[in-house]
Amino acid sequence: MPDRKPVGFGRRDASPEAAGPSPVATFPVGAMKLDDDIAAGLIPERPVRGHKGSFGKLLVVAGSLDYAGAALLVCRAAGRAGVGLVTLAVPESLQPLFAAKVVEATTMALPEDDVEEIDPEPALARILDHEHDALVVGPGLRPGLATTELVRSLLGVSGEIDDAPIVLDAEALRSMATMDGWWEGNRRSAVLTPHAGEFARLRAGSGDRPADDGDVSGDDDARLAAALDAAATWRSVVVLKGARTIVAAPDGSAAIAPFENPALATGGTGDVLSGAIGSLLAQGLDPFAAARLGVYLHGLAGDAGRERFGDAGLLASDLPDGLAHARKRLTVVAERRTASKRLGFAALGSSTVGRPAAPTAPAEDPAADAPAAPPSDPPADSP
């Protein structure tokens with residue numbers, strides 16, 4: 001029986017067969033395409049006898065009266081991504097406001113020289129005096145010279161006092177674009193998370209010509225080349241956000257996420273990503289690993305939100321819970337891989353895009369050789 005065409009009243013002057021298949025954009029050569037198998041291998045171990053101090057302490061320097069939500073999103077995302085303790089540092093006049101909003105996180109007051117205006121030197125001293133394993137700086141901070149000076153001070157390593165890695169986003173990146181040579185000297189390890197506009201400002205501020213980078217919004221090859229060059233110049237991991245987010249390391253390593261999701265094009269989703277990466281840094285992952293895993297968890301959470309709400313209507317506050325579900329999914333993948341190794345069926349790993357892949361399970365099903373999940377596994381947890 002011949003296939004029946006869909007019922008409808010569209011134009012008949014062109015058929016799908018005549019038009020040919022839809023073009024599919026290829027991934028750029030030289031970047032690892034992230035998948036469940038790769039991301040599962042990055043999940044930090046979770047000792048059964050661990051406590052909140054075992055899983056890292058994250059200090060978040062974020063938020064202002066106009067952008068309180070940014071700081072709250074960072075803190076919630078960090079907790080859902082698995083960090084043990086989160087402290088939110090805000091100007092002291094705003095501490096009562098934020099203390100009433102955060103539940104699991106604690107707050108720390110930063111000294112001011114005016115209402116909402118951080119006094120950089122004593123604020124830096126208080127930050128350095130606080131015990132932490134990683135920092136997130138920038139989301140929702142109030143623009144101004146005081147913020148720029150605080151960001152400048154936090155970029156450097158403070159001797160033996162503090163060399164914790166740092167995630168820099170939003171207002172921190174805008175401040176850095178006005179600084180000369182911020183990437184020079186003895187600096188702490190950093191992950192920068194710019195969108196295309198912030199990336200162009202940073203490139204211009206560091207003496208590069210953004211026009212030479214090409215289309216860093218829609219051309220994946222141009223995005224990869226520009227991110228790699230920037231990572232080498234700035235000696236930092238660069239997360240160039242957008243569809244198919246690029247993660248580039250100073251040593252020339254790179255990864256690309258497979259996600260293209262218009263539902264994530266809404267305010268605050270970048271703050272969730274910063275919190276996830278900061279959380280993983282605090283749990284002990286190196287910057288490149290934390291950035292790759294954070295980007296992938298964020299993408300899975302976004303896909304789950306798109307399944308629920310469609311291409312529009314997803315809110316940034318919908319994402320943090322999805323991070324925890326995504327991490328659980330990847331943990332199951334990791335456990336199955338471990339079980340396969342014990343049985344002698346270990347996967348050989350994933351290849352870099354553009355290179356021949358080693359014989360292994362298909363990319364879309366990295367756990368194909370593993371035993372089936374027990375019936376009690378709740379399927380609803382998979383985004």
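This is a predicted model: local features need pLDDT of at least 70, side-chain atom pairs count only at pLDDT 80 or more; totals for chains, interfaces and linings use all residues.
Two helix pairs, α10 with α11 and α5 with α6, get a closer look below.

- Leaving aside residues up to four places away in sequence, V60 touches V74, C75, V86, T87, L88, A89 and V136.

**α10 against α11**

- Helix α10 covers residues 269-282 and helix α11 covers residues 287-309; their axes come within 8 Å and cross at roughly 135°.
- That angle makes α10 oblique to α11, and the crossing is right-handed.
- On the α10 side, the residues in contact are T269, V272, L273, A276, I277, L280 and L281. Facing them from α11 are P287, A290, A291, L293, G294, V295, L297 and H298.
- Sorted by class, this contact has 12 nonpolar residues, three polar ones and no charged ones.

**α5 against α6**

- Helix α5 (residues 120-129) and helix α6 (residues 145-155) have axes that come within 9 Å and cross at roughly 40°.
- With that angle, α5 counts as oblique to α6, and this crossing is right-handed too.
- From α5, the contact uses P120, A123, L124 and I127, which meet A146, E149, L150, S153 and L154 in α6.
- The class breakdown is seven nonpolar residues, one polar and one charged.

**What α6 buries**

- The buried residues in α6 are A146, T147, T148, L150, V151, L154 and L155.
- An α-helix has 3.6 residues a turn, so residues three or four places apart point the same way.
- The buried residues of α6 pack against β2 (57-61), β6, α5, β7 (134-137), β8 and α7.
- T147 sits in α6 and counts as buried because its relative accessibility is 8%, under the 20% cut-off.
- Beyond residues up to four places away in sequence, T147 touches L141, R142, E171 and S175.

- Most residues other than glycine have a negative phi, which makes the next two residues worth a look.
- E116 has a phi near 70°, a positive value in a residue other than glycine. E116 lies in the loop between β5 (112-114) and β6 (117-118).
- Is E116 buried or exposed? At 17% relative accessibility, E116 counts as buried.
- A170 has a phi near 50°, again a positive value in a residue other than glycine. A170 is found in the loop between β8 (166-168) and α7 (171-176).
- A170 counts as buried as well, because its relative accessibility is 10%.

Terms used
Residues are numbered from 1 along each chain as its sequence is written. Side-chain values use heavy atoms; hydrogens and water are left out. Axes are lines fitted to C-alpha atoms, for helices over the stretch in contact, and angles run from 0 to 180 degrees between N-to-C directions. Helices (H or I, at least four residues) and strands (E, at least two) are DSSP runs, numbered from the N terminus. Angles under 35 degrees count as roughly parallel, over 145 as roughly antiparallel, 65 to 115 as roughly perpendicular and the rest as oblique. A crossing is left-handed if the near helix is turned anticlockwise from the far one by less than a right angle, and right-handed if clockwise. Contact means heavy atoms within 4.5 Å. Ala, Val, Leu, Ile, Met, Phe, Trp, Tyr, Cys and Pro count as nonpolar, Asp, Glu, Lys and Arg as charged, and the others, Gly among them, as polar. Buried means under 20% relative accessible area, exposed over 50%, partly exposed in between (1.4 Å probe, protein chains only).
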